[in-house]
Amino acid sequence: MERGLDVEPFPGAAGGAVNVMMPGDVDEADNSAKTYRARILVVDDERVIAELFEDYLRIQGFDVVTANSGMEALTQLEGYHPDVILLDVRMPEMDGIETLKRIVARNPRVGVLMVSGNDDVDLAKEAIALGAFDYILKPIDFGYLSRALEKMTRIDPPVAPVGGAAIAANSDSGLVSLYDLALEVVRITRAMPPHARRSIGLGIERIALRLVRQGPGGDRRRILKKLNEMRTFLRFAKDIGDITDDTHRHAESCLVRVRRALGAS
């Protein structure tokens with residue numbers, strides 16, 4: 001009798017990987033589990049945002065590649081064969097809507113999650129009508145993103161797109177500021193000299209990513225503790241000359257605004 005694939009969740013992964021038991025001629029006791037990591041293509045013309053998505057998704061257990069234009073996304077579609085595409089709407093030359101049309105024409109089964117900084121309901125409706133799974137706003141609600149990806153990468157019949165424009169917006173201004181802060185400090189660390197980024201910059205980026213992962217409803221005391229750790233790292237980077245005084249003042253200003261949004265002095 002022909003046997004199919006037995007699929008079960010991969011422990012410790014947030015929907016990013018599954019254990020796939022491959023049928024064969026050997027006894028079931030001798031079968032070894034092969035882990036399949038769902039493939040995600042991140043498309044954004046701002047490299048720092050694409051890299052932030054990449055870092056977050058890799059931690060969640062996904063296999064990730066990035067593209068910085070619509071044409072590059074189409075090339076990756078053919079060579080990488082992603083399960084899900086996070087597609088920025090506003091891009092030069094070929095925008096997200098045109099890219100979406102070409103993606104759907106080539107592979108209508110791949111899930112596409114549109115990402116935009118503009119609250120444009122008509123554009124959201126157009127994207128979903130063209131075949132996008134959903135439409136999410138920047139700054140990203142990472143809790144919502146995780147839930148959407150869980151649905152899109154689940155090993156079962158495809159989930160039908162939700163009718164209408166499903167726009168996810170984060171109404172908590174303090175947490176939005178955490179995302180903005182993460183973007184700013186990652187831009188700073190990516191501009192550091194290579195030795196500085198390896199020794200200090202990566203530590204700052206890890207803190208920034210942890211802050212973003214807190215998401216809506218994050219523990220306030222834990223967030224403030226991470227902000228203080230980031231402040232110490234940034235001050236140290238300034239004192240040893242890895243960042244300029246102006247850069248440090250800008251980062252400190254961002255930190256102060258986040259703390260005020262959280263009700264701290």
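Helices (H or I, at least four residues) and strands (E, at least two) are DSSP runs, numbered from the N terminus. The model used in these exercises is predicted.

**Exercise 1. The chain as a whole**

Task: State how many helices and strands the chain has, and what share of its residues is buried.

Solution: 
- Start with the elements. The chain holds 9 helices and 9 strands.
- Turn to burial. Of the 265 residues, 44% are buried.
- Finish with contacts. Take those between residues at least 6 apart in sequence: 60% of them link residues at least 24 apart.

**Exercise 2. Backbone exceptions**

Task: Find where Glu-93 lies, then decide whether it is buried or exposed.

Solution: 
- Locate Glu-93. The residue sits in the loop between S6 and helix H3 (96–106).
- Check the accessibility. Glu-93 reaches 85% relative accessibility, so it counts as exposed. The cut-off for exposed is over 50%.
- Check the backbone. Phi of Glu-93 is positive, about 65°, though the residue is not a glycine.
- Recall the background. Most residues other than glycine have a negative phi, and most peptide bonds are trans.
- Look at His-81. Its phi is also positive, near 55°. His-81 belongs to the loop between helix H2 (70–80) and strand S6 (84–88).
- Look at the peptide bond from Lys-138 to Pro-139. This bond is cis, with omega near -10°. Pro-139 is placed in the loop between strand S8 (134–137) and helix H5 (142–153).

**Exercise 3. H7 against H8**

Task: Work out how H7 is oriented relative to H8, and which residues make the contact.

Solution: 
- Take the geometry. Helix H7 (residues 194–214) and helix H8 (residues 220–239) pack at about 160°, with axes 10 Å apart.
- Apply the cut-off. Angles over 145 degrees count as roughly antiparallel. H7 is therefore roughly antiparallel to H8.
- List the contact. H7 contributes residues including Ile-200, Ile-204, Ile-207 and Leu-211; H8 contributes, among others, Ile-223, Leu-227, Met-230 and Phe-233.
- Sort by class. The contact of H7 with H8 has 12 nonpolar, 1 polar and 4 charged residues.

**Exercise 4. H8 against H9**

Task: Repeat the analysis for H8 and H9: at what angle do they pack?

Solution: 
- Take the geometry. H8 and helix H9 (residues 245–261) pack at about 170°, and their axes are 10 Å apart.
- Name the orientation. That angle makes H8 roughly antiparallel to H9.
- Among the H8 residues are Leu-224, Asn-228, Arg-231 and Lys-238, and H9 supplies residues including His-248, Glu-252 and Leu-255.
- Sort by class. The contact of H8 with H9 counts 8 nonpolar, 2 polar and 6 charged residues.
- Leu-227 and Met-230 of H8 are in the contact with H7, and both are in the contact with H9.

Technical notes: Residues are numbered from 1 along each chain as its sequence is written. This is a predicted model: local features need pLDDT of at least 70, side-chain atom pairs count only at pLDDT 80 or more; totals for chains, interfaces and linings use all residues. Side-chain values use heavy atoms; hydrogens and water are left out. Axes are lines fitted to C-alpha atoms, for helices over the stretch in contact, and angles run from 0 to 180 degrees between N-to-C directions. Angles under 35 degrees count as roughly parallel, over 145 as roughly antiparallel, 65 to 115 as roughly perpendicular and the rest as oblique. Contact means heavy atoms within 4.5 Å. Ala, Val, Leu, Ile, Met, Phe, Trp, Tyr, Cys and Pro count as nonpolar, Asp, Glu, Lys and Arg as charged, and the others, Gly among them, as polar. Buried means under 20% relative accessible area, exposed over 50%, partly exposed in between (1.4 Å probe, protein chains only).
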